[in-house]
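Please walk through this structure with me.

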2 protein chains.
Amino acid sequence: MNKRRKSGRVTLSDVARKAGVSPITVSRALRNPDMVSSDVVKRVQQVVGELGYVPDPAARALASQRTDVIGVIIPSVTNNVFSDVMRGIYACVEETNYRVQLGNSRYSEREEEKLLQTFISQRPAGLMISGIDQSHAARLLLESVSCPVVQIMETGPDPVDMMVGFSHRDAARTATEHLIAQGYERIGFIGARMDPRTARRLEGYGDALRAAGRYDKGLVRTTRQRSTVTLGSEMLLELKAARPDLDAVLCNNDDLALGALFACRRQGIDVPGELGICGFNDLEMMAAACPSITSVRTCREEMGERATGMLIRAIEGERPAETAVDLGFEVIARESTARRG
Amino acid sequence: MNKRRKSGRVTLSDVARKAGVSPITVSRALRNPDMVSSDVVKRVQQVVGELGYVPDPAARALASQRTDVIGVIIPSVTNNVFSDVMRGIYACVEETNYRVQLGNSRYSEREEEKLLQTFISQRPAGLMISGIDQSHAARLLLESVSCPVVQIMETGPDPVDMMVGFSHRDAARTATEHLIAQGYERIGFIGARMDPRTARRLEGYGDALRAAGRYDKGLVRTTRQRSTVTLGSEMLLELKAARPDLDAVLCNNDDLALGALFACRRQGIDVPGELGICGFNDLEMMAAACPSITSVRTCREEMGERATGMLIRAIEGERPAETAVDLGFEVIARESTARRG
DNA sequence: AAACAAGATGATAGCGCTATCATTGTCAAT
DNA sequence: ATTGACAATGATAGCGCTATCATCTTGTTT
């Protein structure tokens, strides 16, 4: 009777025994093959295959004080914007040995701090966090952590470590300037889920209109509700009812823009003649819509990829020269704002 | 000079020393408080707070042979359908101590097997996998694993362990019958990303039309491309060009349906008069569209929640009575198929 | 031939936790 | 008073891996 636990798992020692070398040599053959003669490496790999050995990540983490985990904290798993970023992250990570651990802060600072705590207790290889508006506590945690960190989605001064994003404020300003250039005069703003990025877009909208001497806060509608297409319809109708002179609207994101478009169709409001509509993010459907919808193209997938690439390079000791990358944006003008076109 | 490694981390022993008890007692106070006197528990918790102790999951995993990880394998992180399911999963998991580890198989069997292998090496507390069409190797892995397993998205005979989903075939059949009942006669099908679930929907479509004596394979268009709104427009136009007598179309999913709607608008095809359109999944935007689009409502979020709940209960030893849950579906009739209504 | 560097391998000792069994103290039953 | 049952706590020994230092080959240098 063996009273000791034992998991029944094939271990390094099993491989070592069968290959006729010591366990530590097997470890080296698998992790640092160039420290071991090439025929030993070959023999070890053969035995690994025969026995179906799979390393135990927990044991490795405990012994070496490090893991292959890249912790990613985003505020929403549902939002299209983040799922595009995730796609970029997975695309980049999948050809490496790193694993992604996803945390969902649900737009809550408390939740974010808790997640950070949990992640850090796992000694992650790297951390990725969305936004630049961490709470003080979260910021301290991030600064004290010993692994590389990338902030994504935005650019800003004073990165914790690295940063990949673009300026939401500039993007919204440019989009608003586009509406002005198209000859629209009373340009509204509708925004849902007012997170810090959305707030900065609203600022950019304000910048452009103030510069043109046309800012009117009665044309702005925001809500904390989660943004949906239906909500876009409702908000547009509400704004239009309150301000019948409204002749264009900058939407906080594409869902709202699509909702606004449908509302117009339903009410017989001509787009772009009677009302111009501009979205934000340029989801794929914007081009397909009828009329097609002007939007601000942002490189979401690329953002995930670049951030992951930088993180992995930093983990492996090659700190990139440029630690803050601005991926920019582009206003894609389409039918929905083609008043003079 | 201490040559031993040491991570600088606060450990159980530090807490034990300060609280004046043995490490194992601290462990018990935290994991099984009812095995320890209540004042010791209180004292330990106090010290944990003062020292900021956070348990090391790797050490725990190694010593106890188990983790709090729930492995989830889905084919796509971008697809709206899965992100709704994910939302349900996270909603359920976030109030527990389990963690989700997400794996993205990208619709590849190889990838799925690899992920399964990786997950299993981590001794997960439970596994969730989408679909019922695992490869033989994956099936063997799942059957040999010692933790509970839930298959989601579909129902079918012969679950590995537990199952939560609905019948895609029945759903598509019912949707097709709805089109027939609305008086449509030449009903087409457009489908992208032909995964097993999509294939079963196509079968359901065929079932209904064959039963009505109206099946015509020339009315079916499928592609392996990933589905997008733009693709929906293209496929509809192509099908309509090839078969001008087409008077309704069942779309494999809502993106395609939306694309089809936009294409009709662009071509001046009247919906629902000249063409009926039915989607699948009932994404939120279907109700907001103009005309609103008929679709098959599926309980994606609930599916994630139920599956996670069942998994956690099984992990904790309470095997649910019902191991295969059919969540059903509902055809939501809207304007896009209201030819007689 | 002696001395040494570099390369390959091994022995040892943990990483931070928990399973297991052993010990102690307490109280009711005999 | 003696016994046993039970509750609370502790001592010990790993879980499967790798960091560290030690040893043993080689080939190279003078």
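Which residue with a positive phi follows H13(B)? Gly317(B) does, and its phi is near 95 degrees. Bear in mind that the model is predicted.

Now step back into the helix itself. H13 of chain B covers residues 300-315. That makes 16 residues, reaching 22 Å from the first C-alpha to the last. The span is close to the 22 Å expected at 1.5 Å a residue. Buried residues in H13(B) include Arg300(B), Glu305(B) and Arg306(B). Met303(B), Met310(B) and Leu311(B) are also among the buried residues of H13(B).

Next, the two chains. Turn chain A by 180 degrees, with a shift of 0.0 Å along the axis, and chain A can be laid on chain B with an RMSD of 0.1 Å. Why does this matter for symmetry? Because that is the relation of a two-fold axis. In chain A, the C-alpha nearest the axis belongs to Ala58(A), 2.3 Å from it. The same surface serves both copies, as 100% of the contact residues of chain A recur in chain B.

Helices H2 (23-31) and H4 (57-64) of chain A each give two or more residues to the surface near DNA strand C, and so do H2 (23-31) and H4 (57-64) of chain B. H4(B) gives the most, with 5 residues. By class, the surface near DNA strand C has 14 nonpolar, 7 polar and 9 charged residues.

Technical notes: Residues are numbered from 1 along each chain as its sequence is written. Chains are lettered from A and ligands numbered from 1 in the order in which they are written. This is a predicted model: local features need pLDDT of at least 70, side-chain atom pairs count only at pLDDT 80 or more; totals for chains, interfaces and linings use all residues. Helices (H or I, at least four residues) and strands (E, at least two) are DSSP runs, numbered from the N terminus. Ala, Val, Leu, Ile, Met, Phe, Trp, Tyr, Cys and Pro count as nonpolar, Asp, Glu, Lys and Arg as charged, and the others, Gly among them, as polar. Copies are superposed by least squares on the C-alpha atoms of residues with pLDDT of at least 70 in both. Two residues are in contact if their C-beta atoms, placed from the backbone, lie within 7 Å. The expected span of a helix is 1.5 Å times one less than its number of residues. A residue is buried if 20 or more other C-beta atoms lie within 10 Å of its own, exposed if 12 or fewer, and partly exposed in between; C-beta atoms are placed from the backbone.
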